[in-house]
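Work through the following exercises on a predicted model. Each task is followed by a stepwise solution.

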Amino acid sequence: MRFAATALLLAGGKSTRFGSNKANIMYEGQTLLDRLLKLVTSCFDEVLLSVAKETKYYTPGVKQLLDEKEGFGPIEGLRMGLINAKYDALLAIGCDMPFVSTDAFALLLEKQKGFDAAVPFDGKNFEPLLAVYGRSCLPAIDKVLSQNRRSILNVYPYININRVDYDGDGAILNKHILHNINYPGDIDYLSKQ
């Protein structure tokens with residue numbers, strides 16, 4: 001499966017809840033970042049990596065992007081990704097999501113057609129860091145940033161979203177696929193998989 005789209009890995013966060021750089025967490029003999037890079041480079045025509053100013057990774061063939069506006073987190077990484085992307089459809093993915101799949105990517109890319117974004121929704125919350133955004137989101141992102149707001153969720157009232165509900169364990173999108181690592185205790189979840 002190959003996608004004529006851009007994948008943006010977000011690896012520029014401060015990992016304040018975790019306490020150290022989550023991109024460097026080891027899982028099955030490789031870092032979370034290396035694991036995701038291997039997956040997305042195998043199926044996306046373009047891969048971009050959003051990194052912090054003080055952090056550089058060895059990623060041959062993958063363009064690294066620095067935030068123009070420091071301190072805004074993933075929303076600024078998303079903005080820079082959309083500005084620099086070759087394709088209109090951009091899959092944004094946090095570097096701390098070890099269980100994502102090409103089937104999930106395909107579903108979200110398909111669901112984004114005709115919308116500004118396709119975002120997983122669990123019935124209560126959106127998962128903005130495994131979602132597909134179109135370049136049409138840029139004016140809303142700029143508006144939110146000009147108001148000094150830092151959450152991608154603040155963009156949603158200004159764009160046309162396809163809310164992609166996720167179901168049980170057998171579904172393409174489920175809690176396991178969307179599980180991310182936020183706290184040191186989340187490593188226990190990794191070790192049980």
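**Exercise 1.** Locate Ala-140 and decide whether Ala-140 is buried or exposed.

Solution.
1. Ala-140 lies in helix H4.
2. Its relative accessibility is 7%.
3. Buried means under 20% relative accessible area, so Ala-140 counts as buried.
4. Beyond neighbours within four places in sequence, Ala-140 is in contact with Val-155, Tyr-158 and Ile-159.
5. The C-alpha atom of Ala-140 is 8.9 Å from that of Asn-154, a residue 14 residues apart from Ala-140 along the chain.

**Exercise 2.** Describe how helices H2 and H4 pack, and classify the residues of their contact.

Solution.
1. Two packed helices are described by the angle between their axes and the distance between the axes.
2. For H2 (residues 74–84) and H4 (residues 138–146), the angle is about 145 degrees and the axes are 10 Å apart.
3. The crossing is left-handed.
4. H2 contributes Ile-75, Glu-76, Leu-78, Arg-79, Leu-82 and Ile-83 to the contact, and H4 contributes Leu-138, Ile-141, Asp-142, Val-144 and Leu-145.
5. By class, the contact of H2 with H4 has eight nonpolar, no polar and three charged residues.

**Exercise 3.** Which residues touch the most other members of the largest nonpolar core, and which elements supply at least two residues of this core?

Solution.
1. The largest nonpolar core has 35 residues, and Leu-33, Phe-44, Ile-93, Phe-105 and Leu-130 touch the most other members.
2. Elements that each supply at least two residues include helices H1 (32–43) and H3 (102–112), and strands E1 (3–11) and E4 (44–51).
3. Strands E6 (89–94) and E8 (130–134) also each supply at least two.
4. A second, separate core has 27 residues, among them Leu-78, Met-80, Tyr-156 and Ile-161.

How values were computed:
Residues are numbered from 1 along each chain as its sequence is written. This is a predicted model: local features need pLDDT of at least 70, side-chain atom pairs count only at pLDDT 80 or more; totals for chains, interfaces and linings use all residues. Side-chain values use heavy atoms; hydrogens and water are left out. Axes are lines fitted to C-alpha atoms, for helices over the stretch in contact, and angles run from 0 to 180 degrees between N-to-C directions. Helices (H or I, at least four residues) and strands (E, at least two) are DSSP runs, numbered from the N terminus. A crossing is left-handed if the near helix is turned anticlockwise from the far one by less than a right angle, and right-handed if clockwise. Contact means heavy atoms within 4.5 Å. Ala, Val, Leu, Ile, Met, Phe, Trp, Tyr, Cys and Pro count as nonpolar, Asp, Glu, Lys and Arg as charged, and the others, Gly among them, as polar. A nonpolar core is a set of buried Ala, Val, Leu, Ile, Met, Phe, Trp, Tyr and Cys residues joined through side-chain atoms within 4.5 Å. Buried means under 20% relative accessible area, exposed over 50%, partly exposed in between (1.4 Å probe, protein chains only).
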